[in-house]
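This briefing is meant for a reader who is meeting the structure for the first time. Please look over the sequence and the model, and then read the notes below, which are grouped by topic.

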Amino acid sequence: MTDTHPNGSPGAREAHGGGHGETSFLWKYVFSQDHKVIGIQYGITGLCFLFFGFTLMMLMRWQLAYPNQPLPWPWLAELLGNIRAPGGVLEAGFYNQLGAMHGTIMVFLGVVPIAVGAFGNYVVPLQIGAPDMAFPKLNMASYWVYFCGGVIMLASFFVPGGAASSGWTSYPPLSNIATQGQTWWLVGMVFLITSSLLGSVNFIVTIVQMRAPGLSMFRLPFFVWAQLVTAFLLLLAFPPLEAAGVLQLMDRVFGTSFFLPSGLVVNAIPYAQTTGYSGGGSALLWQHLFWFLAHPEVYVLILPAMGIVAEIVANNTRKPLWGYRLLVYAAIFLGFMSFIVWAHHMFMTGMGTVMSTFFQTTTMIISIPSVIILTCMILSLWGGSIRFSIPMLFALAFLPMFAIGGLTGLPLGLTLSDLHLHDTYYVIGHFHYVVAPGTIMALFAGIYYWYPKVTGRKMSGLLGHLHFWPTLILMNSIFMPMFFMGMAGLNRRMYDQTVYVHGRGVQPLSLMVSWSAWMLAVAQIPFIINFFKSWKAGEKVNDNPWEATTLEWAAPSPPPHGNFTTLPEVHRGPYEYSVPGQSGDFCPQHARPDSASEGTPSAPPVPAAH
Amino acid sequence: MDPVKFGYWFPADVSTHGPSVDLLIDYVHYLAVALFVGWGIFMLYCLIRFRQRPGHKAQYELPHFKGSKYAEVAVALIELVLLLGFSIPVWASIRYELPRTDAPDKVVVRCIAEQFAWYFWYPGPDGEFEPASADRIKPSNPLGLRDPSRDAVSKDEFHFPVNRPIVVYVTSRDVIHGFNIPLMRVKHDAVPGLNIPIWFQATKTNDEIFAAMSPERLRIGPALVGRKEPYIAMEAVKAADGSDLLKSGDTFVFGEALVKGLTGAGVQELSVKLKFPVELACAQLCGNGHSGMRAAVSIDTEEQFAAFIAGKMAK
């Protein structure tokens with residue numbers, strides 16, 4: 001890039017404006033190119049998928065709590081039908097479909113679309129003072145490709161043999177010999193990956209090129225940094241999985257054997273006799289390609305969550321974040337390291353000592369930036385004037401929950417302790433602590449925090465408390481017992497764990513997990529009511545109800561097409577709260593230095609691009 | 001030691017390398033708990049002391065924290081010690097320092113996994129494995145051996161002698177399975193196309209473990225029908241007509257008739273012990289029968305093991 005101006009070429013900020021004139025309903029709300037509408041589309045679709053994925057898991061929890069007993073409600077058994085639940089008892093194959101699709105939907109259709117598609121899309125252009133994303137049409141395409149991927153995934157439940165059932169990891173050869181649903185899964189994944197790639201390119205260009213005047217990289221809110229690192233992870237890690245997906249598709253549809261070694265014998269018959277496959281492939285190759293994506297994917301799930309939490313912590317402690325630059329460097333280092341730890345998912349496949357030494361060393365190294373980020377956030381509380389608003393409660397809960405998730409990664413990252421814990425419920429407890437009580441709590445925090453920006457109204461505080469406290473307690477009573485089940489040696493993905501004496505020993509914990517999960521669903525009712533009711537009936541608030549400093553609060557609520565009535569100019573860092581010698585306790589990024597003491601935005605002299 | 005008591009921390013361990021695995025898991029958790037409690041106390045203190053209230057103002061500049069830097073360096077150092085002192089060397093020794101090929105007392109077994117069974121293949125008296133070919137596979141010769149009478153093959157029952165190094169070549173012939181004996185801290189993927197040796201050594205026999213374990217009360221229900229693992233009854237049960245259904249000490253398998261009889265006699269829970277309390281579980285999702293892919297592990301005395309091999313050869 002020859003242009004060394006920190007804000008990119010001035011043309012980039014104006015050239016995009018062509019697509020902003022459409023007004024018909026279809027173009028305004030369905031095939032919208034406005035980042036805010038697309039963000040809301042992503043958000044609502046993602047929340048629906050999140051709830052659907054949760055429902056799948058609640059079904060599985062019945063079989064795990066009451067193995068081989070009929071479902072409690074006859075209508076449910078009838079709905080599932082005789083193939084999926086003969087006599088009301090979940091069938092083992094259907095259980096595996098539920099497991100595989102729970103993982104796939106939660107990760108690729110629920111959490112990432114909300115964390116990146118919804119929050120990234122809605123908030124990033126506002127926070128950098130841009131009128132929209134750099135490529136609005138690409139943005140629209142990204143959503144609709146994601147939507148198609150979701151429809152394909154859902155439709156796969158209804159094809160002969162049902163949906164994919166080889167786990168969200170789809171390890172061959174199991175996935176190669178699986179029923180048709182696996183093919184649909186692969187096609188669906190190609191769509192979802194394509195969507196992520198389109199989105200990530202857009203984010204990178206937008207953040208690099210379209211920052212408001214004065215908004216240098218180290219004045220960016222940490223959330224934008226988190227999204228930038230996330231976009232690079234998506235851009236660089238997904239292509240290998242897309243390639244792997246196509247290879248597996250070739251194996252399944254065109255009879256190649258990229259992932260099929262020679263000499264397979266399936267059902268006591270040589271596989272070559274029944275299919276004529278040639279062999280010579282490697283079952284482990286898929287695992288390398290899959291985890292090359294799926295480990296950075298963990299940071300795709302967690303970085304935006306950290307970004308949200310950072311915003312809310314700064315805003316609600318009324319002071320700057322502790323170690324802002326350290327946070328940024330740690331996030332970049334985390335992103336880089338996440339590309340060279342993937343094989344710690346494969347310690348039990350028989351890799352050599354050199355490889356396992358390398359990967360457990362990198363895994364220990366990557367724990368350091370995570371510890372730094374967490375420490376910065378917790379130290380940020382010191383000296384604050386902490387407001388316990390609903391978003392802050394969720395953000396605060398994120399910190400210890402993510403800590404548990406991160407710390408329980410340590411014994412899994414060392415080969416020797418992984419020996420006992422690999423593939424057990426301990427692993428499930430570990431990554432769910434990162435993603436569910438971790439990321440999902442942060443996503444809730446973000447919803448409560450930016451809701452006033454999106455709608456101009458606040459969500460109810462009472463319903464927020466009714467949502468927060470049971471959710472926090474139940475998340476823990478779901479995932480904490482899993483550590484003990486894993487310690488007992490109980491393997492994951494078991495249709496009926498009472499087959500094993502070590503499974504029967506921890507069966508009471510399994511009951512506790514199931515009941516907590518069902519109650520967690522009930523605990524989401526206040527949120528659902530709050531979410532929809534506040535849209536029209538919530539308390540009306542001004543443009544900056546949290547008295548925040550970052551640029552999204554300089555726009556009207558909800559922001560109009562083009563976002564800012566006048567494009568803002570930035571004069572300071574993102575978290576200038578409680579600056580000594582000033583009357584207000586916050587100093588917005590766009591407030592001009594002379595008027596900063598009033599804490600009110602002043603009109604920049606430059607007219608807007610629109 | 002009671003291998004049936006689960007749910008709080010590790011199960012019992014009957015392998016030579018297990019204690020080092022457990023020790024590392026303990027150490028990592030000490031570190032984790034220390035960090036978590038440290039963070040937690042600091043966080044709670046901040047939340048109380050710095051809560052928003054009239055007259056309280058946030059500080060723009062923070063005092064210079066040195067503690068966090070020390071804590072981070074300490075974490076890194078502890079991780080380094082765990083890595084260099086425990087994980088890397090012990091892992092290398094249990095995974096890659098296989099017993100020497102000429103070690104006189106080692107036992108070599110091949111384990112072949114398939115959907116949803118485990119085959120354990122022992123060489124005959126000649127000490128050699130017969131050549132095998134998939135084309136010869138039939139019910140009487142499940143591994144397709146050239147001469148099945150020259151080797152011993154056991155399905156879903158894994159016998160090996162105590163106090164001797166056991167080398168197992170683990171592979172699969174269809175999908176990926178996971179060779180896992182929780183009570184021995186043994187786990188390795190069975191990957192088709194790869195034939196990877198692992199080794200371990202047991203410290204207790206099946207009989208010793210059996211004697212140490214307390215009986216378990218098993219809930220009687222249709223789910224038990226078809227379970228292939230043998231149990232030993234710890235109490236006598238009379239059928240509804242007064243005849244003996246089970247005598248204390250009987251070895252039995254849950255068949256349809258027995259479960260029906262027990263249900264008919266109004267038995268809801270039965271006190272039993274597993275005949276082979278050490279279990280081999282499949283650790284990798286391998287299809288619809290995954291959770292039932294269980295094998296019994298019998299850690300034998302020399303005599304028992306010799307008798308087992310002789311019995312398999314005679315078949």
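Predicted model: local features only at pLDDT ≥ 70, side-chain atom pairs only at ≥ 80, totals over all residues.

Of the 610 residues in chain A, 68% count as buried, whereas in chain B, with its 315 residues, buried residues make up 54%.

**Chain A: fold and dimensions**

- The secondary structure of chain A consists of 20 helices together with 4 strands.
- Chain A has a radius of gyration of 25 Å, which agrees with the value near 25 Å that a compact globule of 610 residues would have.
- When the C-alpha trace of chain A is laid along its principal axes, it spans about 80 × 55 × 50 Å.
- Among the contacts in chain A with a separation of 6 or more, 79% are accounted for by residues 24 or more positions apart.

**Chain A: surface and charge**

- Chain A exposes about 19300 Å², and carbon and sulfur atoms supply 72% of that area.

**A residue in detail: A:Gln507**

- A:Gln507 has its place in helix H19 of chain A, a helix that covers residues 507-523.
- Because its relative accessible area is 11%, which falls under the 20% cut-off, A:Gln507 counts as buried.
- The side chain of A:Gln507 is joined to the side chain of A:Gln497 by a polar contact of 3.0 Å.
- Leaving aside residues up to four places away in sequence, A:Gln507 touches A:Leu64, A:Ala65 and A:Pro67, and also A:Gln497 and A:Thr498.

**Chain B: fold and dimensions**

- Chain B contains 5 helices and 16 strands.
- The radius of gyration of chain B is 26 Å, whereas a compact globule of 315 residues would have one near 20 Å.
- Along its principal axes, the C-alpha trace of chain B spans about 85 × 60 × 35 Å.
- In chain B, residues 24 or more positions apart account for 67% of the contacts with a separation of 6 or more.

**Chain B: surface and charge**

- The accessible surface of chain B comes to about 14200 Å², and 58% of this surface belongs to carbon and sulfur atoms.
- There are 33 positive and 35 negative side chains in chain B, and the centres of these two sets lie 7 Å apart.

Conventions. Residues numbered from 1 in each chain as written. Chains lettered and ligands numbered in written order. Heavy atoms only, no water. Helix = DSSP H or I, 4+ residues; strand = E, 2+ residues; numbered from the N terminus. Rg over C-alpha atoms; globule rule 2.2 N^0.38 Å. Buried < 20%, exposed > 50% of the residue type's maximum accessible area, 1.4 Å probe, protein only. Contact = heavy atoms within 4.5 Å. Areas by Shrake-Rupley, 256 points an atom, 1.4 Å probe, with all protein chains shown as cover. Polar contact = N/O pair within 3.5 Å; in protein donor to acceptor, adjacent residues only side chain to side chain. Lys, Arg positive; Asp, Glu negative; His and termini not counted. Charge placed at Lys NZ, Arg CZ, Asp CG, Glu CD.
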